[in-house]
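This briefing sets out selected features of the structure shown below, grouped by topic.

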Amino acid sequence: MIRKCLFPAAGYGTRFLPATKAMPKEMLPIVNKPLIQYGVEEAHDAGLQHMAIVTGRGKRALEDHFDISYELEHQIQGTDKERYLDSTRKLIDACTFSYTRQVEMKGLGHAILCGQQLIGDEPFAVVLADDLCVNPGGDPVLLQMIKLYRQFRCSIVAIQEVPREETQKYGVISGEMIRDDLYRVSHMVEKPKPEEAPSNLAIIGRYILTPDIFPLIADTEPGKGGEIQITDALMKQAQRGGVLAYKFKGKRFDCGSAEGYVEATNYCFEQFYKKGL
């Protein structure tokens, strides 16, 4: 079964410059927790224990966050501030963290391929931390997808409907509807123009991938933007009938954009922080 979650986290975060000039975009706080922690919590709540993180230069803060800070913990020990570290301590105790570097920025597909040695020959999840997904009162998005994997045992991408004029920001799928929230993918394309998009069903940052994706990525030529796109490798799987697209339950915030980041902050403040969750 699925035990590992891969976090591609080597990108420059250029949409948030200058804030991300010296700080990883995955460490941008949503109220009082960084984006990467929300992603790791979602993976942990889905039953995954091994977090594999693909980093790059200037990303050491990610490793430091999921580690003990002896000086800080000594300073606040026995005070009412100590409780603020409870959520991070829980993850450090419950999960293992491994890291590798993406030396060159060659796209999401290449970042996932860089994590092959951390994943091995087994199915795994992928979380893009700047897509914040929440489903209060229900299963986390990743857990919803893992339950589907147990049934179908194939690669699964999370999708949502987007305005047709925004298709050029996403990978877009089309396919046979199996049920209202599930499609067998027959076609997918990376960032199509609105008039060329096969649908308005956009892939967002949650994936379940089978290990045969790695040789497919390795054989994928650079595509849109000169990058190795995971969409192109998944299309090869889809041609064998091996990819599902799932319209998940919950809300998703694009925290790679200023608008989505502010919306996510306001939502989490009202839904979680003020309630002490």
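Arg 60 is exposed, as its relative accessible area is 55%, where exposed means over 50%, buried under 20% and partly exposed in between (1.4 Å probe, protein chains only). The model is a predicted one, in which local features need pLDDT of at least 70, side-chain atom pairs count only at pLDDT 80 or more, and totals for chains, interfaces and linings use all residues. Residues are numbered from 1 along each chain as its sequence is written, and side-chain values use heavy atoms, with hydrogens and water left out.

**Salt bridges**

- A salt bridge is a side-chain nitrogen of Lys or Arg within 4 Å of a carboxyl oxygen of Asp or Glu, and by this rule the count is 17.
- An α-helix has 3.6 residues a turn, so residues three or four places apart point the same way.
- Asp 64 counts as partly exposed, at 43% relative accessibility.
- Glu 122 is bridged to Lys 4, with the closest N and O atoms 3.6 Å apart.
- This pair links distant parts of the chain, 118 residues apart: Glu 122 is in the loop between α6 (116-119) and β6 (124-127), and Lys 4 is in strand β1 (residues 4-8).
- Glu 122 and Lys 4 are both buried.
- Arg 252 and Asp 131 meet through their side chains in a further salt bridge, at 2.9 Å from N to O.
- Here too the pair links distant parts of the chain, with Arg 252 in strand β13 (residues 251-254) and Asp 131 in strand β7 (residues 131-134), 121 residues apart.
- Arg 252 and Asp 131 are both buried.
- Salt bridges with shared partners connect Arg 3, Lys 4 and Glu 122 in one network.

- Strand β1 is largely enclosed by the rest of the structure, because 5 of its 5 residues are buried.
- Both of its faces are covered, with Lys 4, Leu 6 and Pro 8 buried on one side and Cys 5 and Phe 7 buried on the other.
- In a regular strand the side chains alternate between the two faces of the sheet.
- Strands β1 and β4 run parallel and are joined by 5 bridges; two strands pair if DSSP finds at least two bridges between them.
- In this pairing, Pro 8 stands opposite Val 54 of β4.
- Strand β1 also pairs with β6 in the parallel sense, over 2 bridges, and Leu 6 stands opposite Val 126 in β6.
- Thr 55 lies in strand β4 (residues 50-55) and is buried, with a relative accessible area of 2%.
- Neighbours within four places in sequence aside, Thr 55 is in contact (heavy atoms within 4.5 Å) with Ala 9, Ala 10, Leu 62, Tyr 99, Thr 100, Arg 101 and Gln 102.

- Helix α9 (residues 230-238) is largely enclosed by the rest of the structure, because 7 of its 9 residues are buried.
- The buried residues of α9 are Ile 230, Thr 231, Ala 233, Leu 234, Met 235, Gln 237 and Ala 238.
- Thr 231 has a relative accessible area of 4% and is therefore buried.
- The side chains of Thr 231 and Glu 190 are joined by a polar contact of 2.6 Å; a polar contact is a pair of N or O atoms within 3.5 Å, where within protein one must be able to donate a hydrogen and the other to accept it, and residues adjacent in sequence count only if both atoms are side-chain atoms.
- Not counting residues up to four places away in sequence, Thr 231 touches Gly 171, Met 188, Val 189 and Glu 190.
- Gly 225 lies in the loop between α8 (213-218) and α9 and is exposed, with a relative accessible area of 77%.
- Gly 225 and Lys 106 are 119 residues apart in sequence, and their C-alpha atoms are 9.4 Å apart in space.

**Cysteines**

- The structure holds 0 disulfides, a disulfide being a pair of cysteine sulfur atoms within 2.5 Å.
- Cys 114 is in no disulfide, and the nearest cysteine sulfur, that of Cys 5, is 16 Å away.
- Cys 268 is likewise in no disulfide, with the nearest cysteine sulfur, that of Cys 255, 7.5 Å away.
- Cys 268 is buried, with a relative accessible area of 1%.

Terms used: Helix = DSSP H or I, 4+ residues; strand = E, 2+ residues; numbered from the N terminus.
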